Amino acid sequence: MPGIRLDSVSKVFDGRQLAVDRVSLDISPGECMVLLGPSGCGKTTLLRMIAGLEEPTEGTLWFGRTEITDLPPKERGVALVFQNGALYPHRTARENIRFPLRMAAEDHEESHAKVTGVANILGIDETLDRFPRTLSGGERQRVAIGRALVRQPRVFLMDEPLSNLDATMRTELRQEIGAMVRDLDVTTVYVTHDQVEALTLADRIAIMRGGRIEDVGTPEQIFHDPATAFTAGFLGTPRINLMSATVRVTDHHRVSLDFGAQSISLPPVDRRSLILTDHDGERVIVGARSDAFTPAAGGSANQLSGALRALEFHGSDWMAFVQADIELVNPDLVGRTSRTTAPERGSARTRHASARDSGLTTFAKAIPGVRQVRDRIVRRRRTPPPAAQATAATHRRADLVIELGDASALQPGTKVHLTVDTSRLHIFDESGRRVDRVTR
Ligand code: ATP
């Protein structure tokens with residue numbers, strides 16, 4: 001089976017709707033790549049371009065060493081399963097699965113064996129002679145997957161195949177799909193907005209946002225070592241605490257993160273200390289997951305404190321909501337404002353924006369219909385929003401959310417002190433990019 005390569009692929013709908021924005025991605029043979037992101041970020045459009053159902057406006061697509069950009073869908077050897085894998089209602093499950101083999105005029109005996117084999121993998125042997133209306137949602141979706149797989153595709157594409165199922169069925173089928181794509185060793189692209197599906201199924205996850213790929217890595221890398229504040233905020237329940245801070249550097253080159261009324265210091269050996277010593281007075285975003293804090297007696301170093309506003313019992317643990325008077329940053333908005341900001345300071349982010357501008361210029365020259373979109377995008381990027389407005393949109397006073405195994409010693413309404421594990425902090429610049437190197 002081939003790997004998949006997307007080389008600077010874009011899709012503009014109706015000459016104005018930029019759905020996918022210069023996406024480049026390499027998917028290895030046999031790999032399961034999950035495209036994860038919020039609604040409207042371009043996941044389905046990207047998948048449809050791989051399937052050949054949508055023509056890219058720019059860029060090239062490859063299966064192995066063969067360019068498939070202009071290859072009709074039928075010739076790509078791709079199987080596609082949608083949210084609602086519509087079945088033929090007047091055909092049994094067996095006939096539904098066998099349908100693509102009949103279309104290809106495959107030998108009866110052989111196709112019978114293939115249908116039985118696929119049904120076996122999917123655990124639907126018992127339901128083969130039933131009609132779709134008599135099947136549960138999960139069984140119908142299994143039949144749809146069986147129909148997609150029976151012709152042994154080179155590439156398997158799934159677009160939110162579990163989203164119409166109830167929670168129990170979703171978990172069950174998710175595990176089966178995971179086992180199946182590994183057993184079959186078929187290159188798979190799976191679209192979802194569900195982080196649990198992504199974390200459990202993927203060999204690697206590509207996080208999408210606004211038509212672009214924000215981060216790519218294994219589930220562990222994306223979760224523990226997120227490249228951007230958006231990625232950090234998209235994965236994990238409860239959401240990561242993203243705190244707005246100012247870098248302070250002492251005469252002895254010690255770096256502390258100043259949250260306003262309180263601060264914490266980074267150990268001198270911490271690699272971020274070295275990086276941040278040149279950034280005295282700059283604003284950063286400090287990410288701390290809910291389990292990076294431990295309640296402690298007051299008075300020791302590297303603590304944050306605040307009023308315990310509420311405690312919630314979540315079954316195996318508790319959530320504490322602490323009013324620490326720290327400005328929190330909304331991960332959905334951070335970095336979005338920077339896309340519209342003029343490239344002034346030559347940061348990594350603005351350099352990237354300039355490079356993209358020049359790419360769009362070339363693109364627009366080549367395709368005149370796209371020029372207006374390019375102009376509008378570039379104009380938007382170059383119109384700096386009023387600083388106060390940008391801050392108001394991304395920052396707010398809110399509670400830190402802290403996960404606790406045991407909350408018996410805590411009382412809502414009292415002051416709590418929290419020791420912070422600085423090794424577990426993620427530090428991002430104001431545009432949401434990590435200040436230190438991300439390992440991939
Ligand atoms: P969801 O999770 O809600 O399905 P998605 O991440 O799959 O979203 P897409 O369906 O790829 O996102 O859509 C990306 C953007 O392109 C959206 O703004 C959408 O409105 C737009 N779009 C998608 N298809 C078309 C189309 N045929 N014509 C015009 N705009 C489209």
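Ser290 is buried, because its relative accessible area is 3% (buried means under 20%, exposed over 50%, and partly exposed in between, with a 1.4 Å probe and protein chains only). You will find Ser290 in the loop that links strand S14 (283–288) to strand S15 (293–296); helices (H or I, at least four residues) and strands (E, at least two) are DSSP runs, numbered from the N terminus.

Which residues does Ser290 contact, leaving aside neighbours within four places in sequence? They are Pro238, Asn241, Val401, Ile402 and Glu403, where contact means heavy atoms within 4.5 Å.

## How to read the numbers

This is a predicted model, in which local features need pLDDT of at least 70 and side-chain atom pairs count only at pLDDT 80 or more, while totals for chains, interfaces and linings use all residues. Residues are numbered from 1 along each chain as its sequence is written, and side-chain values use heavy atoms, with hydrogens and water left out.

## The whole protein

The protein has 12 helices and 22 strands. Of its 440 residues, 48% are buried. Look also at contacts between residues at least 6 apart in sequence: 71% of them join residues at least 24 apart.

## Around the ligand

Now find the ligand. It is surrounded by 13 residues, and the closest are Ser39, Gly40, Lys43, Thr44 and Thr45 (a residue counts as near if one of its heavy atoms lies within 4 Å). Helix H1 gives the largest share of this shell, three residues. By class, the shell holds four nonpolar, six polar and three charged residues. Here Ala, Val, Leu, Ile, Met, Phe, Trp, Tyr, Cys and Pro count as nonpolar, Asp, Glu, Lys and Arg as charged, and the others, Gly among them, as polar.

## Aromatic rings

How many aromatic pairs does a search of the whole structure find? There are three (rings of Phe, Tyr and Trp, using its six-membered ring, pair if their centres lie within 6.5 Å; planes under 30 degrees apart are stacked, over 60 edge-to-face, and the rest tilted). Phe313 and Trp318 have ring centres 5.0 Å apart and planes at 50 degrees, so this pair is tilted. Phe313 is exposed, at 55% relative accessible area, whereas Trp318 is partly exposed, at 27%.
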